[in-house]
Amino acid sequence: MSTPGLYHLLFVSTALFFIGMYGFFTRRNLVTMLMSIELLLNSVNINFIAFNKYLWPNRLDGLFFTIFIIAIAAAEAAVAIAIIINLYRTRQSIDVQATETLKH
Amino acid sequence: MPNTTLVLLIALLPLAAFILLGLWGKKLFSQSAGVIATVLILAATMLAWYTAYKYFFVYGNTAGIYQKIPLFSYSWLSFSPGMSIDMGIVLDPISAMMLVVVPFISLMVHVYSLAYLKGEERGAVYYAYLGLFTFAMLGLVLSANIFQLYFFWELVGVSSFLLIGFYYQKPSAVAAAKKAFIVTRFADLGFLIGILVLSSSANSFDFATIIQQLGNPQQAAAQSATAASFMGISALSWGVALVFMGGAGKSAMLPLHIWLPDAMEGPTPVSALIHAATMVVAGVFLVARLFLVFSMSPAVLQLVAYTGAGSAVFAAIIACTQTDIKRVLAYSTMSQIGFMMFALGISGKEGDAALGYTASMFHLFTHAMFKALLFLAAGSIIHFVHSNHMSNMGNLRKYMPVTHGVFLIACLAIAGIPPFAGFFSKEAILLAAFEQNKIIFYTALFTSGLTAFYMFRLYFKIFWGTTQSDYHSHGEGGAAMLLPLLLLGVASCAAGFIPFGNYVTLNGAVLPLHLHIGFSVAPVLLALAGIAVAAWLYKKANSRPAKLAAFMGSFYKWAAHKFYVDELYNYVTQKIIFNLIAKPAAWIDKNVVDGLVNFSGNSTVLASEKIKGWQSGKVQQYATYFLVGIVVLAVVFIYLRK
């Protein structure tokens, strides 16, 4: 049994990315869309880790970036949830169509 | 030496009156505005007379020559070394002489207006404007720099505009104010170009430097300025001719005189101050100030002389036919300024030939006194009769004895009857003309006869004849109206006895004015004849004037219509300039310039209408745009840009 290589990892991250994108485009529930964004971010994280490990194994830039993204994602999730809660309070709905008032 | 602070205060006190009354007059001083302004002007007059006295009798004269004393100079705007606009004060014979005239007339008008404008709601505004005018006029005569003079020149124009239009509810007053401003402003365009031509030749804006550089044929600057030519005329001639254009506009010389008769729409005391005694002589003053430069161009001096003489006789003829008392006086002002102007034009530089210069300044001085008197007396009459028209007046000597007396004095003075003021100055002008230019001399002689005629026509029609209506009016007006009349009456009697040639001459040295008894006979007899004819025609109501008018036929009609100059201007501006220049320009503005602006606006609106649907508010749609953008960028960077 061989250990997974760079391509395996890239495959996982690409699959994750497109799953997330699919979710983002098709779901109407804002919480689900937020979860899809988390998937997108995590696929990027996997990319960073994989390239860091296989291209520059003796450096830590990719790891740092990953940790940074996780921190940002946590903050972003907090903000997004707050927005969603407020939206629910005013619209009694967390459907994305309830937000379509800011337009031309 | 002179005290600079005191001289500065002369001009700054009226400015203080303007600021004080202009800012807080309506709220704080609506009742006391006149008194405040009068007190300030009184102080300025005292200082001015003190300064003039000191100049003429204490420090001005060094070794028999009156010096030009620059008092101070503050470099305000500097272009290059030598070329700077300074704010300065210079005392010389003519500015000291104007220091006697301007504040005095202004003071008389201030006092007179206390009664004349009693109960006027906007009295504070009126006095504020008077203060602005007095400040500007004093600044003008004291200017040491030609650009500084230009500023004050425009300031007197503005204050004249404001005062002519003081009764702004009257459309005719508004039109007259606009006309005065536009005509003089048009002339000032020439003045400005003239200033630039002269100062670039002399490389300075300073009067003393300009005169020193350009007024002396030996100077290199003067030689190059007379050599350089444009359209066959030297730069120097262009410069002084254009400066003269400005002077002619302000002094209502032919053909820029059209604003002066209309300016009579303003309050009568204003006409006395601005349009008779002070502002309208600014043009004469300007020519006198730059006389040495003017004398470098004999052709322009000829132009000055013939313009002056032409205006004198032209205005005198029109004055004979006018029926509005103030308009007669306006044309008489124009005629008298014509006398001053041609006296400068025929004057020479050296010795006895410079008599014209002194005579012109002398006439300016005496004219200010008796013409202010005439206007203030006319104000009293209008106040009494409530009309400007001679046909509503008659037999007023029974009702207004004091006004009658001073009006008679002023008429005798302007007619040139000895021993009143006008006699001496007019004799000096005629003598100078006799020695220099016979054509102008005979024109002037004829005009002075005509002057006597039309002034006494006015006099007899107002004060003699029959009572036209029951003037159930108040009396002659209070002390505030009579005092200025009496003081100016005394001045009109006495001003002629001043030995003017001892004080105001071109080179500062004494130029005694001799009175040739033999020479004076002809003008005086002619004036007496004019008076006699006026008495014969107008002392008692009769049919002779109408017959004479019929005998003169179309000439009378032309004169009564002011020789159709206004109509000519209207034709040129409305038919030619409006149609050929203004209308095409308006078309281009409306269609081309506005079209470009409208096109850019309309196309922006149109484009935004088309694309505004893209902002749908749908988050997922935005994400799609984003994705498409990323894909395009990826394609571009990966495949197209290797």
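**Close-up views of chains A and B**

**View 1. The interface between chain B and chain A.** In this predicted model, the count of salt bridges between chain B and chain A is zero. Sorted by class, the side of chain B that touches chain A consists of four nonpolar, six polar and two charged residues. In terms of contacts, twelve residues of chain B meet 13 residues of chain A, and the two chains bury about 970 Å² between them, with 63% of that area on carbon and sulfur atoms.

**View 2. Asp324(B), a buried residue without a salt bridge.** Asp324(B) is placed in the loop that runs between α14 (298-319) and α15 (325-345) of chain B. Although Asp324(B) is buried, it forms no salt bridge, and the nearest side chain of opposite charge, that of Arg327(B), is 4.3 Å away; this separation does not qualify because a salt bridge requires the side-chain nitrogen and the carboxyl oxygen to be within 4 Å. When residues up to four places away in sequence are not counted, Asp324(B) touches Asn388(B) and His389(B).

**View 3. The surroundings of Lys349(B).** Lys349(B) belongs to the loop between α15 and α16 (355-385) of chain B, and it is partly exposed, having a relative accessible area of 26%. Once neighbours within four places in sequence are left aside, the residues in contact with Lys349(B) include Gly215(B), Pro217(B), Leu292(B) and Leu506(B). Phe29(B) lies 320 residues from Lys349(B) along the chain, and the C-alpha atoms of these two residues are separated by 51 Å.

**View 4. Two cis peptide bonds in loops of chain B.** Leu254(B) and Pro255(B) are joined by a cis peptide bond whose omega is about -5 degrees, and Pro255(B) is found in the loop between α9 (235-250) and α10 (259-262). Another cis peptide bond, with omega of about 5 degrees, links Pro418(B) to Pro419(B), the latter lying in the loop between α17 (401-415) and α18 (421-436).

View 5. Gln92(A), which is not a glycine, has a positive phi near 60 degrees; it is found in the segment after α3 (61-91) of chain A and is exposed, with a relative accessible area of 57%. Asn203(B), also not a glycine, has a positive phi of about 55 degrees. Asn203(B) sits in the loop between α6 (171-202) and α7 (207-214) of chain B, where it is partly exposed at a relative accessible area of 44%.

Technical notes
Residues numbered from 1 in each chain as written. Chains lettered and ligands numbered in written order. Predicted model: local features only at pLDDT ≥ 70, side-chain atom pairs only at ≥ 80, totals over all residues. Heavy atoms only, no water. Contact = heavy atoms within 4.5 Å. Buried area = accessible area lost by both parts, 1.4 Å probe. Nonpolar A, V, L, I, M, F, W, Y, C, P; charged D, E, K, R; others polar. Helix = DSSP H or I, 4+ residues; strand = E, 2+ residues; numbered from the N terminus. Buried < 20%, exposed > 50% of the residue type's maximum accessible area, 1.4 Å probe, protein only. Lys, Arg positive; Asp, Glu negative; His and termini not counted.
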